[in-house]
Amino acid sequence: MTTRPSWQDYYLGIADSVAVRADCTRRRVGAIVVKDNSIISTGYNGAPPGEPGCLSDGACPRGRHYKKTRYYEYSDTMTRGDYCGGCDQPWPCEFTVAPGSSYDTGPGACIALHAEQNALIRAGDRSQGATLFCTEEPCEACMRLIRGAGIEAVVWYGGRWTRELKKKPSLILKAWRWTQALVRSERP
């Protein structure tokens, strides 16, 4: 007898399917916004609509210039030379993005929107009180957007954030505390 997946596993599986559409050369992430067991919106990482994508159009500033190795014969010996696969200059070329550099500013700024951002943009004000399921733990910038959008919980493989009302006896505050818990769902 086969068993049905939990709602959590079901929605994480759908987020995996959404991630297949990602237009990033380095990472494929999917996200869905769910409210009352209905999918409100989906999102994957990629360039904004109408702009050249990383995977489809080669627009990634981090992926355009990469190290390649060429072997050639010189004076009866094989010699190895590293060069840039994007512009054919000696490696590292002047356009190479330094490892660990910012994804948000500078020459290597990522042109893509994150999956969570795309899902929240498409959900609009319907995200208030919803749950966001995503294939990876959201970054800090996405968590700010998630909180601002009124999402009540975020679930990803191996973790979960939930919003709880802070209780103060003398004041009624509309403040929220995010608590993290590990969840049992694992990527299939």
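## An exposed turn

Aspartate 36 is exposed, with a relative accessible area of 72%. Here exposed means over 50% relative accessible area, buried means under 20%, and partly exposed is in between, using a 1.4 Å probe and protein chains only. This is a predicted model: local features need pLDDT of at least 70 and side-chain atom pairs count only at pLDDT 80 or more, while totals for chains, interfaces and linings use all residues. Residues are numbered from 1 along each chain as its sequence is written, and side-chain values use heavy atoms, with hydrogens and water left out.

Aspartate 36 sits in the loop between strand 1 and strand 2, and its phi is near 55°, a positive value in a residue other than glycine. Asparagine 37 lies in the loop between strand 1 and strand 2 too. Its phi is near 60°, again positive in a residue other than glycine, and asparagine 37 counts as partly exposed at 43% relative accessibility. Strand 1 and strand 2 form a hairpin with 2 residues between them. The two strands pair in the antiparallel sense over 6 bridges, where pairing takes at least two DSSP bridges between strands. Within this pairing, glycine 30 stands opposite tyrosine 44 in strand 2.

## The overall layout

The protein has 4 helices and 8 strands. Both are DSSP runs numbered from the N terminus: helices are H or I with at least four residues, strands are E with at least two. Along the sequence, the order is α-β-β-α-β-β-α-β-α-β-β-β. Of the 188 residues, 36% count as buried.

Among contacts between residues at least 6 apart in sequence, 49% join residues at least 24 apart. A contact means heavy atoms within 4.5 Å. Proline 92 is in the loop between strand 4 (77-84) and helix 3.

In soluble globular proteins, nonpolar side chains tend to be buried together. The largest nonpolar core in this model has 17 residues, of which Val33, Leu132, Ile146, Ile151 and Val154 touch the most other members. Strand 1 (30-35), helix 3, strand 5 (131-134), helix 4 (140-148) and strand 6 (153-156) each supply at least two residues of this core, and helix 3 gives the most, with 4 residues. A nonpolar core is a set of buried Ala, Val, Leu, Ile, Met, Phe, Trp, Tyr and Cys residues joined through side-chain atoms within 4.5 Å. There is also a second, separate core of 8 residues that includes Val18, Ile32, Phe133 and Val155.

What does valine 33 touch, leaving aside its neighbours within four places in sequence? Its contacts include Ile39, Ala119, Leu120, Ala123, Leu132 and Ile151.

## Helix 4, face by face

Cys142, Met143 and Ile146 are buried in helix 4. Seen down the helix axis, the buried residues of helix 4 fall within an arc of 100°, so they line one face of the helix. That arc is taken from the directions from the helix axis to the C-beta atoms. On the other side of helix 4, Glu140, Arg144 and Gly148 are exposed.

Arginine 147 is found in helix 4 as well, and counts as partly exposed at 37% relative accessibility. Arginine 147 and arginine 163 are 16 residues apart in sequence and 8.7 Å apart in space, C-alpha to C-alpha. Following helix 4 is glycine 150, which has a positive phi near 85°.

Asparagine 118 is in helix 3 (residues 115-123) and is buried, with a relative accessible area of 7%. Leaving aside neighbours within four places in sequence, asparagine 118 is in contact with Thr42, Gly43, Tyr44, Gly46 and Leu113.

About 620 Å³ of space lies in the largest pocket. Its lining takes in 21 residues, of which Arg27, Tyr103, Cys110, His114 and Cys139 lie nearest the centre. Helix 3 gives the most to this lining, with 3 residues. Grid points are joined across faces, edges and corners, and the volume is the space filled by probe spheres set on the points.

Methods: On a 1 Å grid over the protein atoms alone, a cavity is a set of points where a 1.4 Å probe fits but cannot get out, and a pocket is an open set with protein on both sides within 12 Å along at least five of seven lines; lining residues have an atom within 4 Å of a point.
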